[in-house]
Amino acid sequence: MVFVNCDFKFTFVRTQIQTFKFKIMVKVFKGLMLALALMMYTGAIQAQTLLSDEEYAYVTMDLRGILDLTMTTDPQVSFTFATIQEYMNGITKFNATKLEVDATVAWDLFAYASTDNWTQVQAYSTTGTNVLPAEILEIQSSVENTTAATDDFDSFVSLKGLANSGVALGVPTADTQFLSGMKGLASAAGDAEAPGTAYGNPSTHQFRLHHRLKPGVPAEFGNSTVALGGVGEFAMAGYYYLEIVYSLVEDL
Amino acid sequence: MLILLANSQYVTSQTNTFQLKRSPNINFSFNSVNDYISGVTFYGAMELNITAASNWELKVGAVTNVIDEWNNVVNYSSGGVEPSVSILELRFRNSNNTSLLSGFVPLSDISAPLIVIGDGSGGAGDIPCPGLGTNMPGSYTTSPGCYSFDVDLRIVPGMPATGIKGGVYQLTIEFLLMEVL
């Protein structure tokens, strides 16, 4: 009996355990179903939201304005006056300076002397004046300036000295002599040359400059727009130099 | 069993994905006339790796503040005109030449994107690898010749008579991979 009782108790306990296990299984099953439903729901959402995918690349472009002025000839142009004929007729250096312009923006090209007067390096005599204005040098460009610039180099004209050119700190004015373009924005009342390369635009972006000095006898440089000094003043024999500035700028 | 179900569901949901390899930041710099005339090209600037579980389309377009215009960050000059996004050209390459875009093609706004794969409306049909316009399921890991693209970028500003306004510009290229239902 004791054994039976014991067996009964055991059976009772086992039955309780089985019942407990069953309840656990039911809960696990419910949990599984809930999790499954949740996953399916989440998956459905993902399936809808992942219909497309994007990637992005970021591009930066740095466009520098390019202005290239190239002198393809010897930058030094020398004149030697050793005969009366040379004094009388003057000396002309055709194509003495060649300039090429490459530009990615609209541009103006102008020229002026860096000083008001020639610099005397050596005097050969004691008579005459050694103050020779920059304007005794005449320059003509092979390219006509088609803008309404006040001063240009379409024919032989005196090169303006620094003060007369109006250039201050490299910035031109309406008095400045322009090889191409003029003072003022093309978008306003001014004008400018279009971007381009010298190779692709030889008629507008390549310049051949003729230089001329005509002292005369006495050496008064009658073609100069600025007189040498007083009446009858003539140039002192000597060795002189003058620096010419060719300036390429974005349309101003 | 729960884990298996979860994984199975996850794979099903992740239909088409792709990755952008290499630097997503591309910097073009134009410092000389030669740069302007000859242009600057970045070969293999980006690599697109695609994994698709269903048919797909690939589109690309520019994202900017104003349609078809680069975002201007800095101005160097007052003259000239600002460049269009079409100045930037793209070329998609892979060993099987599956891209529908041949050679360098000007970029357009994302509202009118370039179609690299597909017909833009999901009606291209099934094109298996290695056919032109391959759009069926596959992965760059097993078929890189059909599911991986090297992207070349090129800009040739040239020397337009109007001039290009110097400055720093930016845009974003959006690559869009879409499932075809």
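Predicted model: local features only at pLDDT ≥ 70, side-chain atom pairs only at ≥ 80, totals over all residues.

The points below take up confidence, then the contact between the chains, then the strand pairing.

1. The average pLDDT of chain A is 83, and 78% of its residues score at least 70.

2. Extent of the interface. About 3900 Å² is buried between chain A and chain B, and carbon and sulfur atoms account for 61% of that area. On the chain A side, the residues that lose the most area to chain B are V59(A), M61(A) and L63(A); together they make up 20% of what that side buries. The contact draws 37 residues from chain A and 59 residues from chain B.

3. Which parts of chain A touch chain B? Strand 1 of chain A gives the most, with twelve residues. Sorted by class, the chain A side holds 21 nonpolar, eight polar and eight charged residues.

4. Polar terms across the interface. How many salt bridges are there between chain A and chain B? The count is zero. Polar contacts do occur between the two chains: 17 residue pairs, with both residues at pLDDT 80 or more.

5. Strand pairing between chains. Strand 1 of chain A pairs with strand 11 (residues 167-179) of chain B in the antiparallel sense, over twelve bridges. L63(A), already listed in point 3 among the residues that lose the most area to chain B, has G167(B) in strand 11 of chain B as its bridge partner.

6. A sheet within chain A. Four strands of chain A make an open sheet of mixed pairing, in the order 7-9-4-12. Its edges are strand 7 (151-152) and strand 12 (244-250) of chain A, each pairing on one side only. Strand 12 of chain A runs antiparallel to strand 4 (residues 107-113) of chain A, and seven bridges join the two. Within this pair, I244(A) of strand 12 stands opposite A113(A).

Note on methods. Residues numbered from 1 in each chain as written. Chains lettered and ligands numbered in written order. Heavy atoms only, no water. Contact = heavy atoms within 4.5 Å. Buried area = accessible area lost by both parts, 1.4 Å probe. Salt bridge = Lys/Arg side-chain N within 4 Å of Asp/Glu carboxyl O. Polar contact = N/O pair within 3.5 Å; in protein donor to acceptor, adjacent residues only side chain to side chain. Nonpolar A, V, L, I, M, F, W, Y, C, P; charged D, E, K, R; others polar. Pairing = 2+ DSSP bridges. pLDDT = per-residue confidence, 0-100.
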